[in-house]
Structure formats: structure tokens, C-alpha cells
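Here is a quick tour for anyone opening this structure for the first time. Take a look at the sequence and the model, and then we can walk through a few spots together.

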Amino acid sequence: MAIPWAGQPRPRVYCPRLLLAQATDQQSQPRGARKMPGRASKLLHNMDLRTMTQSLVTLAEDNIAFFSSQGPGETARRLSSVFEGVREQALGLEPALGRLLGVAHLFDLDPETPANGYRSLVHTARCCLAHLLHKSRYVASNRRSIFFRTSHNLAELEAYLAALTQLRALVYYAQRLLVTNQPGGLFFEGDEGLTADFLREYVTLHKGCFYGRCLGFQFTPAIRPFLQTISIGLVSFGEHYKRNETGLSVAASSLFTSGRFAIDPELRGAEFERITQNLDVHFWKAFWNITEIEVLSSLANMASATVRVSRLLSLPPEAFEMPLTADPTLTVTISPPLAHTGPGPVLIRLISYDLREGQDSEELSSLVKSNGQRSLELWPRPQQAPRSRSLVVHFHGGGFVAQTSKSHEPYLKSWAQELGAPIISIDYSLAPEAPFPRALEECFFAYCWAVKHCALLGSTGERICLAGDSAGGNLCFTVALRAAAYGVRVPDGIMAAYPATMLQPAASPSRLLSLMDPLLPLSVLSKCVSAYTGAKTEDHSNSDQKALGMMGLVRRDTAMLLRDFRLGASSWLNSFLELSGRKSQKISEPTAEPMRRSVSEAALAQPQGPLGTDSLKNLTLRDLSLRGNSETPDTPEISLSAETLGPSMPSNVDFLLPPEDAGEEAEAKNELSPMDKGLGVSATFPQGFHPRRSSQGPTQMPLYSSPIVKNPFMSPLLAPDSMLKSLPPVHIVACALDPMLDDSVMFARRLRNLDRPVTLHVVEDLPHGFLTLASLCRETRQAAELCVERIRLVLTPPAAPTPAPPQV
């Protein structure tokens, strides 16, 4: 849409403040909009997109005219040039954002939950426009002042112009997804080759502009100082990691060498981009585990609630029996974790605000890990509280590769106090040393042990809730699915905060936000998922960009050896388990023989498609939506056959909206240009627009293609209907600006289409991982309280129905 005054001489009389005041009065406050601190945030909520663009273009043209008349100086020329770029990008971005807004509602879960990746992209672009509008207004008002800091304002404008240019590229990528996907689908549904091309093209975009002066501009202002501290620490940590320094020495040295990154945002952004693209998963494991250094963890615990019990327990790897839900007279054997490293103990942390009955028993004390933290006040002996009727089983986040319950202990202590229930947090084994399904096996084993021994944990076990964040949210769903497959007690409910439900490398509009997310960049996300899957990744010969040193080469060679051994064994196990799976179809009753086969072995038994190919490997979201219910039973079987634990064929995976919405979606597609409808990735951008490309060389983002990522115990979004119907009530708390937002929206939609109880609440202006930042600001505290409220809903027994009055 053309702006009427574009290219015309500016008016002689001009007052920026009056113009903005008039623009603000033209648009009323949107209903339900929450006030945000900061001038740019106020502009964001008080102006619609068209008014904001018109005001920004008018201000840019006024500043262009002023600085063009200031002579041939370099600074005036650069200021004039940057405002010309702002005008060009704003005019090009506004119609594209309008097209996305026109169809964004088609992808919402319901009218009461207006959230999806398309809305998030538009909101982020509006945030950038609002910052540029505020800065342009400031320049227009103060450019004649002797206190006007020309160089500083020029650097700010150039940084946000670069961010706006890259955001415009993301909007065009979102339009490309809109054309390719089915109506209502948020994940890229092209073939695997096109998906790989899309990801390779996407990761070549320049990202450093989002990690310097513009770091975290889309989040609430209270988060930005923390993100800046994290980014400075990250780039300093990366320098010492290259010299194979680890532990506390790296953290201490980083404090003294981070000064140059603190004073030079451009240098920090370039280094941040290099680290996110090139360093391996071992670096991120080491960096994310800094918070578990004794000094830092002690400081965090000092600011958290004081609890009576905080004990690290070691569960012995011994099998035990669990009663079946359908018939308690029958039992099933719960085997210890076996995948990859064989039987081994499972560590859990018991946290309780009060000392309850059973928590000081000799049997529980015998499980206390000798070198673990033990905080149990028994002298003078406090009065014991009765056992709670509730129990919370927690799975921590960390991308499956980092952190333990110790990292999440501060907010878990607050939960224990507010809920009045004991909490156990599982310290599952981490990838890449222990890939899938080791973590799932350990979490399921610990869950079953807690259900059986809840009296030792200070609970009667009447109400049990699974809770987790990020990777832990994924484990909440998969543990519940495995409990249903085994036929044992399923938890009474699940609270998952910003969970990962789709580990397949499929692009979505919200995952485009990973280009600018300092806590969850796409390349880092891909490396974490590849480590968890144990899949083959792309090999790169540049040793300087690998693990940086002899230890890195040893890790690489060892990983390749184990990978080859695993792939060699998989073909043998595949044929063996396929035969055993066929034999198990003849058995209708559960056998008394204990189940010794792990999920990893079952995952290798891939069903064959009609053409004899690996159907899971070649399956797309469109294929899943076309499958019928005849391939899987309506209810999960109690038998422990290969079909129960293996990656059963998805049935009726409906990612689509009701048919009446398809017409409106088709009209939106017709509005796109013929160039946007092309099949090639190069046809994404309109003629004349060229986004900035990364200068860091080839991006080392592994494009994992193992069929195991489509296993429903790894990607629960791809689970068949018969499995998802077995889930208890689900409460999801997601973030509007999280690259994982679409995972939550699509998973909630699938459950709702199956008439399963599910709630989705999306918090605004907060990053992924807000639970670990719960004490940082008011917004994070409110989001953490929302998670507690959802857990309390699960732990509160449903009210008994009121008996009908007797009829006279």
C-alpha cells in the first residue's frame, strides 16, 4: 500500500510531538491490551500498524531533509542514509505484515487464545518499528542541541535498521510457510529435501544485529539487563572454552575479560553469532551448567524459600512390580533403565517445605546420596506434619543436554511452600553421552517408584501431577504416554511450561524467532536435538570450528565409532524385533515374564510402508493428516508387546482447522504474488530486497534426519490419536515470543480435537525459560505463579456432584 506523501516535499511547518499526539488520538487502546513500561512500548499499544508506519515515514523524511542540508560531512551523510533505509524498509514491511495479520486468526487455538507464530512475528516487527519511531522522534526533537550525541544515536539507528531488515526477511519466510502449509498448519509440510533447503537458506541470515544494541528489544524491559549480562558472559566464556579451560576458572576469568564486550555492542554481537553457529553442544552444556557452581547456586538458594527437606536420593536399579490400572490383581514389572549404558541408579531430589511423615524414615535415609546435598533439620527434632494428599513429579529443562534439579531448586522450593506438597525432581542422564531414550526410561522408572513409595516421600499419593519446562515438558507427556502403554497409573494431570513437542526439523513461524532469540538460537536448538537423538549429523572438516582441541577430536572420533556401531546393530535388532512384534500379536494376555526391552530397542522396529520403505522416515505432516483410524486401536493396549512401546503408526493426526476456515485461508494465499508461490526458496523475497547474510562462514547446524525424531515418545505431537486419548488433563503455559510457541498451540489443538481436557495460557513479553528467572522481575513472578495455579488445579480433587433432590 502506497503512502500518499511518499516522494513529495515535506511540509514547511512540522512538529513531531504534535504529529505523534494526533496519531495516538486516532487509534484507541486495543481491548485487553496490557500496559508495558517504556516509551516505545506505549507507542506500540497506542498506535495501529498503519499509523505507526505513516508516522515513522514522516519522521524519516523530515530527518532526511534536515541532515541532507547539513553539508558533505560523513556523519550527516550516514544519518541521511540510515533514515532513507528506515523509510524503505518500513514501506516494504507494512503490507507484508498486513497480509499476515489478515490470516493470523486462522491459526489460533480459539478466539480466547489469540497466539501463534504469525502473531508473534508481527508483534516483534511492531516492537522494532516502535523503537525506531521513538528514536526518530528523539532525533527530530534534539538534533539541533549541543548535547545531541550524534555518534551514539547513529549507532542505535543503524543497529535497529539492520534488525528491521532481517525482520522483513523473516516475514517473507513466514509468507512462504503460509503458502506451503495446509490451512491451520503451523509446521512446514514440504518434503525433507525442501525442508533442508529452507533451513540452510534461513540460517545464512545475519544474526549479530540482534545480539548487540538490539539485544532482547522484543522482551519486557526488566529482562534486557539480564540478557545483556548473559550475552557478555557467553562471549567471554567462549574465549576461555577455546583453550579447554572449564569449571570455576572459566567463570572467574570471564568476569575480568568481559570489559571489551560490555563497551562494544557490535563486537559482542559478532562474537555471539560466531559462538552460536560454530561451537558444539559440549560448549553449551558447560555454559548452561555454570549456575550449578557451588558459589552461584548458594547465592540463588539464599534468595529462595527455606525448606525443611532437600535431599538427593539415589534409586537402586532394581526391578519392582506395579499393579495394572485395569485389574489391580495383575502386576507388571518395571525394569530399571537399560538403554545405552545398562542398568544404573536414578537420582531424584526430594523437596518439602515441612517435614512430613516418612521423610525421616530409615528406609528413605538409606537412599540418600552420600556426596549430595542434604538439608534436613532434625535437631532439635521438629514436629512432623501429616502426609500430604498430593505429590508433584518434576522434570527439569535444559535441552536434554544440560542442568540438573539443582539449577531449578530455587523455584521448586517456592512451589513446595505454596502448594504444601512434596516435590521430587528427576536428575535424568543427559545427552550426548546418554541419548534417547535413556532420559525417558529414567524418568518413567522414577515416576513409577514414586507412585509405589509415595509414603516415604511424605504423600498419600491421592493426587499426582507431572510438571516440567521445555525438555522437561516433553518428558511429562512421554512419561504419561508410557505409563498408559504399560497399563499403570497415569498421573492426574500435567503442567508443561513452554514444552518441546515436535523434535522433527520442521520450520514454523514461531521458530523463525530463533534467529533473534539469545536464549534459544536455531543452531543451538538443532545441536541439542541432534545430541538427544544420537543421530548422524553433517560432518565438517574445519577443526578450529569443532570442539577446539585434542579433546574435541577424541570426542568426535569416539562419537563416530559409537554411531557406526549403533547403526550396524540397528539393522540386526530391526529384523529381530520385527519378528518378535509379529509373534506378540497372537498373545492377548499380559505375560508374567518381566519386560526387559528398552524403548530404544523398540524404536528401531520401524513399521514398513506399502512400498517397502521406511514409512516413518518419509512421513510428513500432510501424510499424517490423511491416515485413518484403522491402523491403531481406539484404546491403548495393556500388553507389553512391541506395538505398545514402539513407534506405532500415527492415526488421524489432524492439524487442520474446521472446513469453513479453508476458504478464507485460500483467499489469503491468492493475495500472494506469483513469485511467493514458487517452489524454490530463492523465490521467497520480492525483487530488489536483499537481506543481510552472515559473515561467519558456513553454518554448522546439523540437519538431523534420523527417523527416530518421529517416534511419538520423542515427538509427542506426532503420536497417534489412540495414544493421545490416554493423556490426563493437560495445562500448558507458553510464551508468545518463544520459538517453541507453535509446539504448544498445535499440541493443544490436537488434544482439543480429541475432546481431551486441555488449557493453553500464553504469557507476553517473556523469553523461553522464564521459570529459572522467576525472581527477576514482576512479570516473571506472575508467570511462575500462573504455573503454580495450574498445578494446584491438578492437585485439587474434583468436587463431588451434588445429589439431586428427591422427587416428591
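Predicted model: local features only at pLDDT ≥ 70, side-chain atom pairs only at ≥ 80, totals over all residues.

Threonine 51 sits in helix 3, which covers residues 49-68. Is threonine 51 buried or exposed? Its relative accessibility is 7%, so threonine 51 counts as buried.

Staying with helix 3, how does it pack with helix 4? Helix 4 spans residues 74-103, and the two helices pack at an angle of about 165 degrees, their axes 8 Å apart. Because of that angle, helix 3 runs roughly antiparallel to helix 4; the cut-off for that label is an angle over 145 degrees. As for handedness, helix 3 and helix 4 make a left-handed crossing.

Now for a charge and a ring. Arginine 143 lies over the face of phenylalanine 66, 4.3 Å from the centre of the ring.

How many aromatic pairs does a search of the whole structure find? The count comes to 23. Tyrosine 160 and phenylalanine 217 make up one of these pairs, and it is edge-to-face. This pair ties together distant parts of the chain, 57 residues apart: tyrosine 160 belongs to helix 6 (residues 150-180), while phenylalanine 217 is in the loop between helix 7 (192-203) and helix 8 (224-241). Both tyrosine 160 and phenylalanine 217 are buried.

Another pair brings together tyrosine 173 and tyrosine 202. Why is this pair called edge-to-face? Its planes are at 85 degrees, so it gets that label, for which the angle has to be over 60 degrees. This pair also links distant parts of the chain, with tyrosine 173 in helix 6 and tyrosine 202 in helix 7, 29 residues apart.

Here are the two pairs side by side:

| Aromatic pair | Centre to centre | Angle between planes |
|---|---|---|
| Tyrosine 160 and phenylalanine 217 | 6.1 Å | 80 degrees |
| Tyrosine 173 and tyrosine 202 | 6.0 Å | 85 degrees |

What about burial in the second pair? Tyrosine 173 has 0% relative accessibility, so it counts as buried. Tyrosine 202 comes in at 2%, so that residue counts as buried too.

Methods. Residues numbered from 1 in each chain as written. Heavy atoms only, no water. Phe/Tyr/Trp six-rings, centres within 6.5 Å; stacked < 30°, edge-to-face > 60°. Helix = DSSP H or I, 4+ residues; strand = E, 2+ residues; numbered from the N terminus. Buried < 20%, exposed > 50% of the residue type's maximum accessible area, 1.4 Å probe, protein only. Lys NZ or Arg CZ within 6 Å of the ring centre and 35° of its normal. Axes fitted to C-alpha atoms, helices over the stretch in contact; angles between N-to-C directions. Parallel < 35°, antiparallel > 145°, perpendicular 65-115°, else oblique. Left-handed = near helix turned anticlockwise from the far one by under 90°.
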